[in-house]
Amino acid sequence: NNKDFVYGRYLTKLAHREEVTLTIDLEHVADFDDDLVSRVERNAARYTKLFSHVVASLLPDYKTHEAEHRDPLDVYIQHRLLADQRRTDGGVGDADRVAHYPPELTQRFEVYFKSRSLNKPSVIRDIRGCDIGKLVTVRGIVTRCTEVKPMMQVATYTCDQCGCETYQPMGGSMIFMPESQCKSTQCKASRSGGKLYLQTRGSKFIKFQEFKIQEHSDNVPVGNIPRLLTVHVKGENTRLAEPGNHVLITGIFMPIVSQGFNQMASGLLSETYLDCHRIVRINKTEEEEADCGELTEQELEAAVNEDDFFDKLATSIAPEIYGHEDVKKALLLLLVGGVDRNPKGMKIRGSINICLMGDPGVAKSQLLGFIDRLAPRSQYTTGRGSSGVGLTAAVMKDPLTNEMVLEGGALVLADGGVCCIDEFDKMLDGDRVAIHEVMEQQTVSIAKAGIMTSLNARVSILAAANPAYGRYNPRRSIEQNINLPAALLSRFDLLWLIRDRADHDNDLRLAQHITYVHQHEQQPPLRFEPMDMRLMRRYIALCRRKQPVIPPVLTDYITSSYVEMRKEARNNVQTSTYTSARTLLSILRLSTALARLRLSDQVEREDVAEAIRLMESSKDSLIAGTVDPNAVPRGFKDGIFSIIRDMLPRVGDYHGNQQQIVSYDEAQRRCVAKGFTPDQFEETLSDYLRYNIIQVNQSKTEIAFV
């Protein structure tokens, strides 16, 4: 009757060894019997065994052919069945012989429960003693994962006197006391006292991994520290999460039974753990799955086909914060990132590093907090609250195996994401040195306690710092204000100086914006509706899959632009940062990030021009902070006219009768690269045309000086 038997398909796959796990959705069980769901949630461990027994009894009915995959344990059990058949008279059936073995030894599947959607995730500190044995769902961040190791599920022994085999199911316990005396009928009759020897080949092992999850900082009450919960993960649920992931874990809350000396040491206290049934990776802010599907074609067309899509994306970053348009564009490129290159073993990073330096009260920390919430994988830390070990890695003793293991710090946990470091200038110099290797080589090298290794830290660093004197002092040089080593500054692709200048019109707009946000708890009405954070996260994930390349046509343009930047840096005494080969790599990274935003497989000339404009704009923000007492105040028109005038050939004088001509497109490109907009360029030309200083032909290809 067109019915879809979901679990019938699952049982068929289990019978043919095509699947290993059977996840039972309690929503389906509730449709059948709501009272049964309540009993399962209250006593999940018992019902897991009952469901496993029922599934094992149903599998022969769904088996149509022999399974193709056979492991050594299958061969071992088959040989034992043949040996039993030879010893008996043939009156015992195969089912009776199989019943002689523990069910854990013959079952090749795992049964897990999926909780109902109406059961909201709990906070770790809300899991109490009354939840022992119940099916609970908790939300947290994974802080540590052990290696996946084999865990014995059924131990097989062989007697040295009678040759009889004895099986010892572990029952999910972590305590193992080997059996020593044979309990077979033959040994009891002869009183030979045969000893048992463990047979590793005949025993059954499953994969085991231990997690440590920590509750979110927004769930921690005032004056408390985040709590931890131990999670035991077995079978196919292993390797589903890594340190730094935000997860929803459904499992059975169980106590750890201690024996022997451990029981004497712990006294009447007992440790607890969560026996994992299901792991779901989620985003940091919403309780939704991290991989929530790709964008549909309709959503993609509605978003990308807009003319000012780049501006809309940038404005959607922290819309409650007024201004900072270019800074938000740079932060958007940081989230998207460039393309990693590995030419013959050498690694060129693609992640973008940005430093925001500015006066107090210019919303640096708010920008960092928004990026921390928006990025799918991120870590947030402060300068004084972080040590070099806390940022890189620490050597600790594993309580499970008593081995020395590495526990990753903030930079390692944020691998493949963003690490936001606030109060960057307050860090100690010794701790700040640990970041140098991460920012360029993208690795953390460790040589501690006999452990010599290199950990991946492919992370983009977003740092916020105050100037050396609290506020930017325009009477001092840039080096004195920044007060950071040159080796560290050269590793930042963009360095922004955000100043708090007194301006009546700007202050009025800023005050109105802040007042509106404070009253209505949302940003003022914009020209367009800001993109939802969930949609932005999905679009950025789609962009990061692209691997754009730089065509050979743009080689000359990029190299000539870099040579021109080096020339200006050499001739300009007010140069804020040192222009080196890292600057060229920064241009390439920003260009590929812009191409990724367009979902393009190739970088275009406009991408390179926008990347150079952002770099020039960041440098101009530093130069604009200084005060030259001999300088004459200049507006954007004077700056644009100076750029066009500097393009004239050296021979001749444009004040004479001879007309000197420059390219219109080249002049506009240079002005845009210096941080001016095309509208400002057009306005400047209109003014100088009115004064009859320059002339522009009708096709707008040449600019001639009169």
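1. Contact here means heavy atoms within 4.5 Å. With neighbours within four places in sequence left aside, Thr 230 is in contact with Glu 210, Phe 211, Lys 212, Thr 272, Tyr 273 and Leu 274. Thr 230 belongs to strand β8 (helices, H or I, at least four residues, and strands, E, at least two, are DSSP runs numbered from the N terminus). From Thr 230 to Phe 211 it is 5.9 Å, C-alpha to C-alpha, across 19 residues of sequence. Thr 230 counts as buried because its relative accessibility is 14% (buried is under 20% relative accessible area, exposed over 50%, partly exposed in between, with a 1.4 Å probe and protein chains only).

2. A word on the source: this is a predicted model, with local features needing pLDDT of at least 70 and side-chain atom pairs pLDDT 80 or more, while totals for chains, interfaces and linings use all residues. Numbering runs from 1 along each chain as its sequence is written, and side-chain values use heavy atoms, without hydrogens or water.

3. Now the whole chain. The secondary structure comes to 27 helices and 22 strands, and 45% of the 706 residues are buried. Among contacts with a separation of 6 or more, 71% are between residues 24 or more positions apart. The accessible surface is about 38000 Å², and carbon and sulfur atoms hold 51% of that (Shrake-Rupley with a 1.4 Å probe; for residues, only the protein chains shown count as cover).

4. On to salt bridges (a side-chain nitrogen of Lys or Arg within 4 Å of a carboxyl oxygen of Asp or Glu). The whole structure has 21 of them. One is between Arg 39 and Asp 35, at 2.4 Å from N to O. Both residues sit in helix α3 (residues 34-42), and because they are 4 residues apart there, about one helical turn separates them. Arg 39 is partly exposed, with a relative accessible area of 29%; Asp 35 is also partly exposed, at 44% relative accessibility.

5. What does the salt bridge between Glu 215 and Arg 125 tie together? For this pair, the closest N and O atoms are 2.7 Å apart. Glu 215 is in the loop between β7 (204-214) and β8 (228-234), and Arg 125 is in the loop between β2 (110-114) and β3 (135-145), so the pair links parts that are 90 residues apart in sequence. Glu 215 and Arg 125 are both buried.

6. Arg 589 is buried, with 4% relative accessibility, and Asp 493 is buried at 4%. Shared partners join Arg 349, Glu 440, Asp 493, Arg 582 and Arg 589 into one salt-bridge network.

7. Then the helix packing. Which residues of helix α25 (residues 636-646) are buried? They are Gly 639, Ile 640, Phe 641, Ser 642, Ile 643 and Ile 644. The buried residues of α25 pack against β20 (660-663), α26 (664-673), α27 (678-690), β21 (694-696) and β22 (702-705). In helix α22 (residues 555-571) you'll find Ser 561, which is buried at 8% relative accessibility. Beyond its neighbours within four places in sequence, Ser 561 is in contact with Ile 612 and Arg 669.

8. Last, the surface patches (residues with over 30% relative accessible area and no salt bridge; like charges are joined within 9 Å, nonpolar side chains, meaning Val, Leu, Ile, Met, Phe, Trp and Tyr, within 5 Å). Val 54, Leu 58 and Tyr 62 make a nonpolar patch of about 220 Å². Tyr 62 is in helix α4 (residues 44-62) and is partly exposed, with a relative accessible area of 31%. Asp 500, Asp 503, Asp 505 and Asp 507 form a negative patch (Lys and Arg count as positive, Asp and Glu as negative, and His and the chain ends are not counted; each charge is placed at NZ of Lys, CZ of Arg, CG of Asp or CD of Glu). Asp 507 is in helix α20 (residues 504-520), partly exposed with a relative accessible area of 32%.
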